[in-house]
Number of protein chains: 2
Amino acid sequence: MRYSPLITDLYELTMLAGYHEQGMHERPAVFDLFFRHNPFKGGYAVFAGLEPALSYLEDLSFSEEELAYLDSLKLFRPSFLDYLAGFQFKGRVIAPGEGTVVFGTEPLVTIEGGLAEAQFVETALLNIINFQTLVATKAARIKQAAGDATVLEFGLRRAQGPDGGLSEARAAYVGGVCSTSNVLAGMRYGIPVRGTHAHSWIMAFPDELTAFRRYADNFPDSCILLIDTYDTLGSGLPNALTVARELRERGHELVGVRIDSGDLAYLSRQVRSAFDAAGFPAVKIVASNELDEFVIESIRSEGGQVDIYGVGTRLATCAGEGGGALGGVYKLVKIDGEAKLKITSDLAKSTLPDRKRVLRAVAPDGSFIQDVIALHDEEVLPGAQVFDPANPIQQKRIPREARLIELRGTVMVNGRRCAPSPTLQSCAELSNSELKRLPEGCLRLVNPHLYKVSISPGVNTLRLKLMSQIQSRYGE
Amino acid sequence: MRYSPLITDLYELTMLAGYHEQGMHERPAVFDLFFRHNPFKGGYAVFAGLEPALSYLEDLSFSEEELAYLDSLKLFRPSFLDYLAGFQFKGRVIAPGEGTVVFGTEPLVTIEGGLAEAQFVETALLNIINFQTLVATKAARIKQAAGDATVLEFGLRRAQGPDGGLSEARAAYVGGVCSTSNVLAGMRYGIPVRGTHAHSWIMAFPDELTAFRRYADNFPDSCILLIDTYDTLGSGLPNALTVARELRERGHELVGVRIDSGDLAYLSRQVRSAFDAAGFPAVKIVASNELDEFVIESIRSEGGQVDIYGVGTRLATCAGEGGGALGGVYKLVKIDGEAKLKITSDLAKSTLPDRKRVLRAVAPDGSFIQDVIALHDEEVLPGAQVFDPANPIQQKRIPREARLIELRGTVMVNGRRCAPSPTLQSCAELSNSELKRLPEGCLRLVNPHLYKVSISPGVNTLRLKLMSQIQSRYGE
């Protein structure tokens with residue numbers, strides 16, 4: 001699928017026109033994409049969206065129809081539209097792999113290229129990375145809360161349009177859900193698809209037992225019955241037991257039942273006992289209804305017997321405190337060889353200047369200790385002193401026994417991918433294994449341990465120098 | 001743009017396979033799409049998304065590739081896949097016009113057709129209508145809060161993927177924003193596009209004044225300068241005044257300045273005074289930075305002098321209490337001529353059975369009094385007694401002086417639109433005029449007056465009868 005280059009804010013184009021007119025459009029520039037705070041007030045984020053972002057960059061070009069539309073706005077000179085007609089992204093991209101656990105402050109995607117191309121891609125990259133990283137993180141939180149139970153994503157009906165649902169299913173899979181209800185996501189991304197029937201199926205038949213029997217006739221080996229249409233324990237459960245027995249007589253096994261309302265902890269325990277007592281210990285219990293990580297945690301703490309959690313609205317919309325949107329931003333950090341800084345009244349919100357790399361200190365047992373943001377060419381060794389980016393007085397040492405690994409790699413050069421993208425399955429496996437390597441407490445849903453992200457001596461010194469230059473120029 | 005029919009939950013397809021196998025797929029059925037509670041705990045919703053929904057319905061068909069994917073799932077019989085190969089939507093659609101003010105409980109979109117086609121479209125219709133109605137409502141709330149100021153939408157970078165941003169821009173325009181930053185939305189829907197430059201523009205030049213001058217050189221007649229990069233009042237404002245004077249000397253006028261941080265009420269007053277005192281009363285002040293209806297209301301109550309509010313994240317994500325998602329649902333209300341009811345333990349959540357129409361009681365001065373949901377063929381006249389759907393003991397009379405108008409019309413017959421869709425501009429005008437006709441207090445952002453939605457004697461009687469039948473069958 002082609003992404004239109006007009007998936008952008010108009011100001012990218014007006015800036016490009018200006019740079020072009022000034023002859024500045026090919027000046028070498030570096031931009032960092034990052035977010036300031038972990039979403040959901042949580043202890044981490046799961047990076048996602050890189051593959052669609054690279055597709056966007058690789059395919060970037062303006063069609064005649066798009067140029068004609070831009071011309072019709074009467075904002076742009078013909079020379080600029082001619083320039084756009086040959087416009088492509090020819091830059092370099094540095095990023096972590098999808099599924100990598102990342103944190104606020106550290107550069108995620110770095111774009112190096114001509115000022116025009118590197119500026120132009122801001123909006124689309126933020127659109128893709130912000131949302132997919134947010135959803136992958138939400139999915140990871142839900143998966144952590146679900147423990148050994150599996151999570152099915154079915155948020156399509158509450159997502160932001162058809163493509164919102166598709167992006168969401170993709171990112172949720174990176175973050176740890178096992179399957180989706182979204183058939184197009186299944187076809188496009190190879191995610192396992194799941195689904196059975198709605199209440200309307202039950203209502204389309206004269207009674208619940210007939211509806212169950214007809215469904216089992218059609219899907220004798222993949223039958224999951226929705227048992228809460230009329231009365232979960234009084235009607236749905238006994239009718240499902242009847243069908244389970246009838247299926248077994250014919251050589252099949254009922255796969256599961258779904259409960260979509262009521263007290264899910266209580267109902268799932270009752271349903272579990274009834275199926276176990278009747279000799280159906282393998283029947284799975286699926287629970288759904290406005291679930292999120294907090295509801296799942298409380299169902300489990302109350303002894304709920306749920307095998308599969310179906311999660312829709314609150315995953316698709318990334319609901320919850322500190323959710324809704326990932327506040328990813330895209331900032332100029334270098335131009336024409338000169339490091340740049342955007343200051344604000346709050347030191348913590350000032351950007352980190354220059355080309356940088358991100359190092360992760362890893363303990364001998366493989367667990368993650370802390371991340372360090374260093375200048376691109378700065379040597380940082382175990383034992384080095386590093387600084388708190390929000391408070392340069394606060395210093396810390398990288399443990400001497402730590403290994404330092406690069407969090408990111410170059411994934412695109414001259415506008416072309418350096419290698420085929422990893423499979424979505426392998427991204428999901430990466431996030432799963434990375435989460436296990438976090439320090440204890442980082443996975444806690446509320447008030448988690450805050451993983452340390454420091455800046456190197458080089459970044460700290462450069463940043464303070466640039467700040468004082470700006471302050472002396474623009475006063476207090 | 002073609003919508004894939006696989007933009008659906010798998011259970012729609014498993015149900016269809018079941019109906020097809022049972023020979024039930026062409027039984028006449030009626031489904032209602034509705035939501036239960038106004039979003040944002042507000043007093044109303046603005047209906048949107050109909051036109052894309054009709055496009056989806058009109059184009060619905062399965063490609064060979066899509067059928068091959070479904071075959072690969074090993075869930076479906078060849079006879080069912082053959083049926084899908086010729087599948088189209090041939091049903092009838094009843095809906096209000098986009099921009100109509102609507103309320104919880106009342107049927108919005110009603111689909112009449114064969115059981116299979118009417119069931120199948122559930123997920124996609126919910127996806128499209130839920131999100132667009134939610135955004136249009138949020139936009140209307142923001143526009144109401146902004147008073148005479150205009151609202152610019154720029155949520156693309158925080159929307160759910162590229163298409164989420166496109167749907168959002170479209171629906172926000174229906175709800176009352178005047179323009180968008182999203183260039184593709186401009187091209188696709190004819191929405192006016194706006195935008196100037198980012199902080200990175202300023203940082204790409206040696207100093208702020210040079211950056212302002214170069215921008216003004218390029219866009220002498222559409223120049224809006226971002227004045228908060230270094231120091232809004234100490235640097236951005238005096239530099240913008242300099243450029244305003246220089247532009248005037250060359251026969252142009254500075255269009256405006258934008259403030260993207262700090263105390264927007266205070267800064268906008270200071271900036272307004274400075275431009276007024278310098279002889280530039282026409283320079284517009286644009287404010288942005290995590291705005292929503294509540295922040296805008298407080299800026300205005302503090303005497304803020306803002307002409308244009310730029311709204312991004314909190315519109316795109318429909319943030320706020322009762323926001324995030326519109327809980328629209330899609331329920332079977334009739335099959336084979338038999339009215340159907342889905343009961344729940346909460347009377348207010350039980351559905352309203354049968355084919356229905358929605359009447360709006362309008363006062364002689366054009367203001368809206370209340371809505372009444374009646375059976376399709378039931379005569380309801382001014383003066384009639386009507387019932388509270390959540391409490392049938394509560395009765396009310398439609399005022400005798402009211403006119404009763406149909407809220408909805410038939411927009412599609414045999415799978416084809418009955419007429420070309422109205423322009424987006426006319427939908428925006430409709431929402432604007434409808435909001436003015438609401439009873440006082442309905443527009444209040446917090447604890448609004450709740451507009452009355454009643455059910456007719458026919459709906460009330462039928463619903464109570466069906467409830468008692470179900471209860472006698474499935475027991476307590």
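Helix 11 of chain B runs over residues 232-249, and at 1.5 Å a residue its 18 residues should span 26 Å; the end C-alpha atoms lie 24 Å apart, so the two values agree. Please keep in mind as you look around that this is a predicted model.

**Helix 11 of chain B**
- The buried residues of this helix are T232(B), S235(B), G236(B), L237(B), N239(B), A240(B), L241(B), V243(B), A244(B) and L247(B).
- Part of their cover comes from the other chain: helix 16 (457-474) of chain A is among the elements that cover the buried residues of helix 11 of chain B.
- From chain B itself, the cover includes helix 10 (208-218), strand 8 (224-226), strand 9 (256-259) and helix 12 (264-277).
- After helix 11 of chain B comes G251(B), which has a positive phi, near 90°.

**Helix 7 of chain A**
- Helix 7 of chain A takes in residues 161-175, and its 15 residues reach 21 Å from first C-alpha to last, close to the 21 Å expected at 1.5 Å a residue.
- Because 15 of its 15 residues are buried, helix 7 of chain A is largely enclosed by the rest of the structure.

- Chain A superposes on chain B through a rotation of 180° with 0.0 Å of shift along the axis, at an RMSD of 0.0 Å. The two copies are therefore related as by a two-fold rotation axis.
- The copies meet through the same surface, because 99% of the interface residues of chain A are also interface residues in chain B.

**Chain A as a whole**
- Chain A holds 16 helices and 21 strands, and its C-alpha trace spans about 80 × 60 × 40 Å along the principal axes.
- Of its 476 residues, 63% count as buried.
- Among contacts in chain A with a separation of 6 or more, 73% join residues 24 or more positions apart.

**Helices 1 and 4 of chain B**
- The axes of helix 1 (residues 10-21) and helix 4 (residues 78-85) of chain B come within 10 Å and cross at roughly 105°. Helix 1 of chain B is therefore roughly perpendicular to helix 4 of chain B.
- On the helix 1 side, L13(B), L16(B), A17(B) and H20(B) take part; they meet S79(B), F80(B), Y83(B) and L84(B) of helix 4. By class, this contact has six nonpolar, two polar and no charged residues.

**Two residues to look up**
- I369(A) lies in strand 15 (residues 368-375) of chain A, and because its relative accessibility is 25%, I369(A) counts as partly exposed.
- Leaving out residues up to four places away in sequence, I369(A) touches A361(A), V362(A), A363(A), P399(A), A402(A) and Y451(A). One of these, P399(A), is 30 residues from I369(A) along the chain, with 8.5 Å between their C-alpha atoms.
- N414(B) belongs to the loop between strand 19 (409-413) and strand 20 (416-417) of chain B, and with a relative accessible area of 53%, N414(B) is exposed.
- Apart from neighbours within four places in sequence, N414(B) is in contact with F89(B), K90(B) and G91(B).

Key. Residues numbered from 1 in each chain as written. Chains lettered and ligands numbered in written order. Predicted model: local features only at pLDDT ≥ 70, side-chain atom pairs only at ≥ 80, totals over all residues. Heavy atoms only, no water. Least-squares fit on C-alpha atoms with pLDDT ≥ 70 in both. Contact = heavy atoms within 4.5 Å. Axes fitted to C-alpha atoms, helices over the stretch in contact; angles between N-to-C directions. Helix = DSSP H or I, 4+ residues; strand = E, 2+ residues; numbered from the N terminus. Parallel < 35°, antiparallel > 145°, perpendicular 65-115°, else oblique. Nonpolar A, V, L, I, M, F, W, Y, C, P; charged D, E, K, R; others polar. Expected span 1.5 Å × (residues − 1). Buried < 20%, exposed > 50% of the residue type's maximum accessible area, 1.4 Å probe, protein only.
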